[in-house]
Amino acid sequence: MTHRVKFDHKSLNFKLWAYFAVFALLLMAVLWSLQIFFLNTFYQDMKIRETTKVASTIEKQYGSSDFREIVGDLSATNDVYIYIQTFGGYIFFYPSTEDQVRLSYAYQSEIMMVRAQLFESGEPHVSVIIPAARTNANTLAYATYLGDTPETRVVLYIFSPLYPVSSTVSILGTQLAYITVISLLLAFAISYYLSRRVTRPISAITRSAKSLAEGKYGITFKGGHYTEIIELADTLTYASSRLEKTNTMQKDLMANVSHDLLTPLTMVKSYAEMIKDISGDDPEKRAAHLNVIIEEADRLNLLVSDMLTLSRVQSGTMPFEKSSFNIKSVIESILQSYNIYCENEGFNITLLCSGDVTVVADEAKIKQVILNLLNNALKYCGQDKQVVISLKRSADKVRCEFTDHGMGIPQSEIGHIWDKYYKASTNHVRSTAGTGIGLSIVKEILSLHNAEFGVVSEPGQGSTFWFVL
């Protein structure tokens with residue numbers, strides 16, 4: 001069973017072939033028109049220009065000592081008959097060769113005709129095409145005045161034969177027929193080669209894009225030999241790598257969220273069952289079990305709240321309102337809520353700032369950044385339980401730093417600490433576990449402010465998280 005191959009008239013392959021073919025045909029049409037149909041007109045115009053140029057040269061040399069020699073040379077080298085006569089009929093110049101002397105008698109009627117037309121026209125020069133009579137060729141007759149005044153003027157006559165171009169047209173027609181066939185064949189061959197060279201990488205990109213659409217990430221697109229296609233391939237390769245990373249992050253997110261949600265839910269269910277079956281009648285055990293349920297519920301609430309915050313910041317749905325506020329006062333108000341916690345667990349939080357510091361930012365979001373960085377510092381502060389917050393002013397900027405004396409962060413891990421659910425390998429002091437997305441929220445909020453931020457850390461010497469507003 002045979003299958004008919006469907007020819008795609010909208011394909012780039014066909015379009016390039018068609019454009020080259022049309023271009024070659026138009027080029028040949030122009031060439032045929034110029035060389036065949038308008039050759040006689042071009043030939044006559046060219047002879048008129050050449051004759052006018054000869055006349056101009058004679059006018060410039062008129063009156064010179066070697067005038068006759070110059071005119072004789074122009075007559076011989078340009079294949080023209082030159083005749084100069086005064087108003088009174090005195091022959092000032094005529095060719096000295098025997099053939100051209102005979103022509104001087106042959107052109108007498110033409111001379112009289114052109115002379116009469118020159119006088120009647122009132123123009124400084126005239127040119128006339130004289131039909132063939134005694135010869136096989138038409139003649140271009142040109143006449144102009146020499147001299148400055150009517151009393152000294154003489155008339156310059158130039159006769160140039162216009163040879164038939166029919167034989168030339170026939171020869172050109174034969175040559176052009178071969179040229180046309182060769183040009184079309186070359187156009188077809190070049191267009192086919194170029195179209196294949198252009199469409200092959202595009203077809204490869206299309207196949208790779210289909211694989212990408214099917215979920216096969218990490219594909220490398222190849223662009224061939226052209227800048228635009230190479231840029232397209234590079235862009236798609238970048239998009240493929242980003243999709244692969246996003247897919248990996250999505251899977252990690254689902255795994256981590258499932259784990260983080262499953263653990264407290266299991267704890268809540270288990271302790272609820274314990275209250276029901278074991279400690280229901282024991283007030284002390286019941287209170288302890290209820291505290292566990294409350295703590296796990298708080299953990300769930302914190303996780304959901306952080307996830308919602310991160311999602312809103314990343315999607316741009318969270319309102320962003322800049323204003324001027326005293327960042328020192330904001331930090332002081334936050335620290336007041338940690339007083340009881342510090343008294344109970346022995347943490348020491350110090351704020352270093354010489355005076356009020358005003359910044360322009362979204363106050364609520366910067367407060368979230370401060371809370372997250374402070375919680376992170378408390379979590380990894382080390383055995384001395386010391387955390388130092390400092391505000392440093394420089395020109396029109398302020399640098400906010402959170403320094404702890406913990407285990408520090410290995411250099412190999414610093415680039416990952418801003419990723420969601422990434423946990424450094426160092427030990428932490430604070431017993432309460434975080435949600436794993438606090439630093440991701442910090443990153444998104446500070447990026448929204450176009451603020452610089454980072455971390456300086458050495459293993460065993462603690463860490464300093466900072467941002468600049």
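Visitor: How many aromatic pairs does a search of the whole structure find?
Guide: This is a predicted model, in which local features need pLDDT of at least 70, side-chain atom pairs count only at pLDDT 80 or more, and totals for chains, interfaces and linings use all residues. Residues are numbered from 1 along each chain as its sequence is written, and side-chain values use heavy atoms, with hydrogens and water left out. Rings of Phe, Tyr and Trp (its six-membered ring) pair if their centres lie within 6.5 Å; planes under 30 degrees apart count as stacked, over 60 as edge-to-face and the rest as tilted. Over the whole structure, the number of aromatic pairs found is five.

Visitor: Is the pair of Y81 and F159 stacked, edge-to-face or tilted?
Guide: The ring centres of Y81 and F159 are 5.9 Å apart. Their planes stand at 40°, so the pair is tilted.

Visitor: How many residues apart in sequence are the parts that Y81 and F159 tie together?
Guide: Helices (H or I, at least four residues) and strands (E, at least two) are DSSP runs, numbered from the N terminus. Y81 belongs to strand β1 (residues 81-86) and F159 to strand β5 (residues 154-162). The pair therefore ties together parts whose distance in sequence is 78 residues.

Visitor: Is F159 buried or exposed?
Guide: Buried means under 20% relative accessible area, exposed over 50%, and partly exposed in between (1.4 Å probe, protein chains only). Y81, its ring partner, counts as buried at 2% relative accessibility. F159 has a relative accessible area of 1%, so F159 is buried.

Visitor: What is the angle between the planes of F119 and Y145?
Guide: F119 is in helix α5 (residues 108-121) and Y145 in strand β4 (residues 138-146), 26 residues apart, and their pair links distant parts of the chain. F119 counts as partly exposed at 35% relative accessibility, while Y145 is buried at 15%. The pair is stacked, with 6.5 Å centre to centre and an angle between the planes of 10°.

Visitor: How many residues of β5 are buried?
Guide: From β5, V154, L156, I158, S160 and L162 point one way, and V155, Y157, F159 and P161 point the other way. Both sets are buried. The strand is largely enclosed by the rest of the structure, because the buried residues number nine of the nine.

Visitor: Over how many bridges do β4 and β5 pair?
Guide: Two strands pair if DSSP finds at least two bridges between them. β1 and β5 pair in the antiparallel sense over six bridges, and L156 is the bridge partner of I84. A143 stands opposite Y157 in β5. β4 and β5 also pair in the antiparallel sense, and their bridges number nine.

Visitor: Which ring does the charged end of R399 sit over?
Guide: A charge sits over a ring if NZ of Lys or CZ of Arg is within 6 Å of the ring centre and within 35 degrees of the ring normal. The charged end of K385 is placed in this way over F347, 5.0 Å from the ring centre. For R399 the distance is 4.1 Å, and the ring is that of W466.

Visitor: Which residues is S390 in contact with, leaving aside its neighbours within four places in sequence?
Guide: S390 is in strand β9 (residues 386-394) and counts as buried at 8% relative accessibility. Contact means heavy atoms within 4.5 Å. With those neighbours set aside, the contacts of S390 are L352, R399, C400 and E401.
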